[in-house]
Amino acid sequence: MTDPQNPGTKPPSVADDEIDLGRLFGLLLDHKWLIIAITFFFALGGIIYAQLQTPIYQGDALVQIERRSNISPLGDMAEVFGQENESSTAAEVQILKSRMVLGQVVDRIGLDTVVQPRMLPVIGEFVLRHGIERPDAMAGQAFVWGGETMELGRLDVEQRWRGQPLMLTSLGDGRFQIGHEGQVLGRGDVGQLLTLERAGITVRVAELQAPPGAQFQLLKRSRSAATRSLQIRLSVNEVGGGRSSTGMLQITLTGTEREEIRRALNAVTETFLTQNVERQSAEAQQSLEFLREQAPELRAQLAEAEDALNQYRVEMDSVDLSSESQAAIEQFIALEQQLNELEFQEAELAQRFTPNHPAYQTLLRKKRQLQEERAQLNERVNELPAAQQEVVRLTRDMEVTQAIYVNVLNKIQELEVARAGTVGNVRIIDEALVGGAPIEPKKPLIVVLATLLGGMLAVGLVLLRGLLNRGVESPEQIEDAGLPVYATVPLSDAQNKLTRRVKHRRDKKATEIATGVLAHRTPADNAVEALRGLRTSLHFAMMEAANNRLMITGPSPHIGKSFISINLGAVCAHAGQRVLVVDADMRKGHVHHAFGERAEGGLSELLSGQATHGSVLRHSKIPGLDFVTRGKAPPNPSELLMNARFTDFLERVSQGYDLVVIDTPPVLAVTDAAVVGKQCGTSLMVARFQQNPVKELQIANRRLETAGVNLKGVILNAMERKAATYYGYGYYSYSYK
C-alpha cells in the first residue's frame, strides 16, 4: 500500500536474500564507530599485553659427531669382523638429552637454585625489565623495583626443604632475614655464611642492593625437577645432509635470561664432550683390566715352566734338542700365540655378541683349526724318543708362556697409551651464542591478532544485535502484515532536547517525558512536517467516521504515543481547528508536562464525580488547542472509563471541538484502549522504529478487533535515517527548506 504521507508508486520488492545482505551491510555502516572503538581497544589491549609479556630468548651451539673406530684389543681383526663402531647420530641425540648429561649440567651451574624477586601484580616483570625505580610512595613495601638486585652465592638445604619456597627480606645496612610462610628462620649479613642448623639451611648472599622490606623468593628444586625443566627448554636437531647423516647437531635452548642460556648451553656441550671421551676410553679400560688380571698368572706359569725344564735337564745331565725337535717347538710357539690372540678376541666379542653371531662363529672356526694343527703337531712329537719328547714339551711350555707373557705386557702398554690419548668423536664447532632479540613474544603478530579479533567480535556483536532486533524498520514491513501506514515520523533531535527522564519509586526504569510542544517550539522540524502529512491523511480518512474522535494507542509503553497526540493536536490547531487532547492514560499519563501543568484536576476527578466538565478543560498557549490531564491516578481506571460519565464527557466535547485526540495506555498492557476505542470513530496505533516487532502489532490489532475496535492504520514513529534501513528497505526521507 502507498504511504498516505508520501504518495507514489511502491518500489518493487527485493529478494529476501538481497534484502538481508543489504541490511547487514547497512548495520555495519550504522555502527562503524562502535566497531572502530572496539577494534581500537582490542588493538590497545594487544599492545599492552605484548609489552607486559616476558621476552623469551634463544641460544644455539653446534657440535659434530665424527665417525671413527673405537680403541679395541681386536686390533686389525676388527676390520675382518666388520666391527667398525660408528656412532649413531640418533643415539647421540638421546644421550645429549638424557638425565645423565643434563643432571650433570644442573649440578655444574646450579640450575636447581631459583631466585625470584617479589614483583608487582601484572606489571612487575615489565617494571624490572625496564629498570623503573621505586617511587617514594612505595618505600618500605615488599615488591622489588628496577635497579634492586640480589646475588645468591650459596644455598644448601635438607631434603625436606626441596621445593619449598624461602623468603629473603632485606633489612638494610647489609643485613637480611630468611623466613618461610611468615615465620622468621634466621638473620644474617651479606657476604657471610649463615648456617641455620635447626632448620637445616645454609645460605650465603653475595650481594644485596635493595631497600629494607624488599623480598626475594629462594627455591631449591629437586635435581629431577631441574633436569626436566632443562629438558623441556632444550632442543637438539641434526642439520644438513638430506637423507644421509652429517653428524652435525644444533643444540638450542630457550629462556628468559640471556646469560643463563649461554652458561647452560656451554655446560651442556662440555659435559657431552667429557662423557663422550669417558665412554670412548671405557672399552680400552675394560680390556686393560682384563690383561692386568692375566699378567700375574702368566708370570707364575712362566716361572713354573722354567723350573720344570731346568730340573729335568739337571736330572738327565743336559739333553740336546735335534733340529726336528727345535722346529716343533717353534711351531708350538706360533700356534699358541695365535690361540692366545684368539682368546683375547673371544673375550671381547663375548661382551658384544652372542655365540651365534657370524663374527663370533668365524673366530671359533679359526680357533678349532689352530687346535687341530696343535693336535697334529703333538702326534709328531709323540713319535720322537722319550727323552726328546719330554724336553720338547717342557721347552714348548716355557717358550709359549714366555711369548704370551711378553705379548700381554706389550698390549698393556699399548692400551695405556691409547686410553691416555683418547679424544672421543665429539667436536664442539660453535660455542653458545644467544640472540640479541627475543624470539617471543612476537609483538607485531599479537597486535595484529588482537586487532583482528576485536574487529571480528565487534562485527559479530553488531550483526547479532541486528539479527536479534526484530523491531520494524520500514513501512513495507507493516504493510506486508496487512496494516496501512498513515505516517512515518522521523526522529527529532529538537524533541530530544525537550525531553527529560523521570523515575518514580514504583517504576523499574526512568520514563522520558516532554517538557514542551515541538510543533509550537520548532514548527519547521521534519517530525512536525510528517505530522502535517498525517493531518492531511486524517482529514480524508475521518470524513466517513462516526464522530470526530481520534484514539492514539500503541502495543507497548515508551513508543511516543503522547508525543504524537500532543503535536498532532497542535498541528491541527495551527490549521484553524479547535482541538482537544485528552490524556486517558490515568495510570502513567504525562501530557500535562508538555503544557507545564499539574496532573490533578483532570479526567479521573471528572469520571469519579469530584470535578465538573468545565473545570477539567484547560487552555494551552497555542490558540485553538485545549487539553484534559489524567488527574490523580485512581485504583480502577478501566472501570471509570466504562462509566456513563465518560460517554457523556465525549459527547459534549465532540460538539464543542472540531477534533478530539485521546491518548490511551498500551493495548497489550491494559484494556483501557479497547474501552476508549469503542467510542471513537477513528483509531490509530503508534509503532516505534526498531522497537516494536511486526508480530506485536498484529497481536495488538487482534486484541482491538476482539473488542470491536476497527484500527484505521499505523504511525511509524522515531524513524531514523540509517544505512541498514536504506540498503535493506530503501527508505527515503527528504527535507525541503
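**Exercise 1. In which strand is the place of Ala718?**

Solution. The place of Ala718 is in strand β22, residues 713-719, where helices (H or I, at least four residues) and strands (E, at least two) are DSSP runs numbered from the N terminus. Ala718 has a positive phi of about 60° although it is not a glycine. With a relative accessible area of 5%, Ala718 is buried, and the terms are set as follows: buried means under 20% relative accessible area, exposed over 50%, and partly exposed in between, with a 1.4 Å probe and protein chains only.

Before going on, note that this is a predicted model, in which local features need pLDDT of at least 70 and side-chain atom pairs count only at pLDDT 80 or more, while totals for chains, interfaces and linings use all residues. Residues are numbered from 1 along each chain as its sequence is written, and side-chain values use heavy atoms, with hydrogens and water left out.

**Exercise 2. Find where Asp173 lies, and decide whether it is buried or exposed.**

Solution. Start with the place of Asp173, which is in the loop between β4 (166-172) and β5 (175-180). Then take the backbone: phi of Asp173 is near 55°, a positive value in a residue other than glycine. Finally, the relative accessibility of Asp173 is 84%, so this residue counts as exposed.

**Exercise 3. Describe helix α24, and work out where its buried residues lie.**

Solution. First, the length: helix α24 (residues 694-706) has 13 residues and reaches 18 Å from its first C-alpha to its last, close to the 18 Å expected at 1.5 Å a residue, the expected span being 1.5 Å times one less than the number of residues. Second, the buried residues of α24 are Val694, Leu697, Ala700, Asn701 and Leu704. Seen down the axis of α24, these residues fall within an arc of 125°, so they line one face of the helix; the arc is that of the directions from the helix axis to the C-beta atoms. An α-helix has 3.6 residues a turn, so residues three or four places apart point the same way. Third, on the other side of α24, Lys695 and Thr706 are exposed. Just after α24, Gly708 takes a positive phi of about 85°.

**Exercise 4. Work out how helices α16 and α17 pack, and which residues meet.**

Solution. Begin with the geometry: α16 (residues 526-541) and α17 (residues 561-574) pack at an angle of about 70°, with their axes 9 Å apart. That makes α16 roughly perpendicular to α17, a label given to angles of 65 to 115 degrees. Next come the residues: Ala527, Val528, Leu531, Arg532, Leu534, Arg535 and Leu538 in α16 meet Phe563, Ile564, Asn567, Leu568, Val571 and Cys572 in α17, contact meaning heavy atoms within 4.5 Å. The residues of this contact divide into 10 nonpolar, one polar and two charged.

**Exercise 5. Locate the cis peptide bond that joins Glu440 and Pro441.**

Solution. Omega of the cis bond between Glu440 and Pro441 is about -5°. As for its location, Pro441 lies in the loop between β12 (426-434) and α12 (443-468).

**Exercise 6. How many helices and strands does the chain have?**

Solution. The secondary structure of the chain comes to 25 helices and 22 strands. Of the 737 residues of the chain, 45% count as buried.

Note on methods:
Axes fitted to C-alpha atoms, helices over the stretch in contact; angles between N-to-C directions. Parallel < 35°, antiparallel > 145°, perpendicular 65-115°, else oblique. Nonpolar A, V, L, I, M, F, W, Y, C, P; charged D, E, K, R; others polar.
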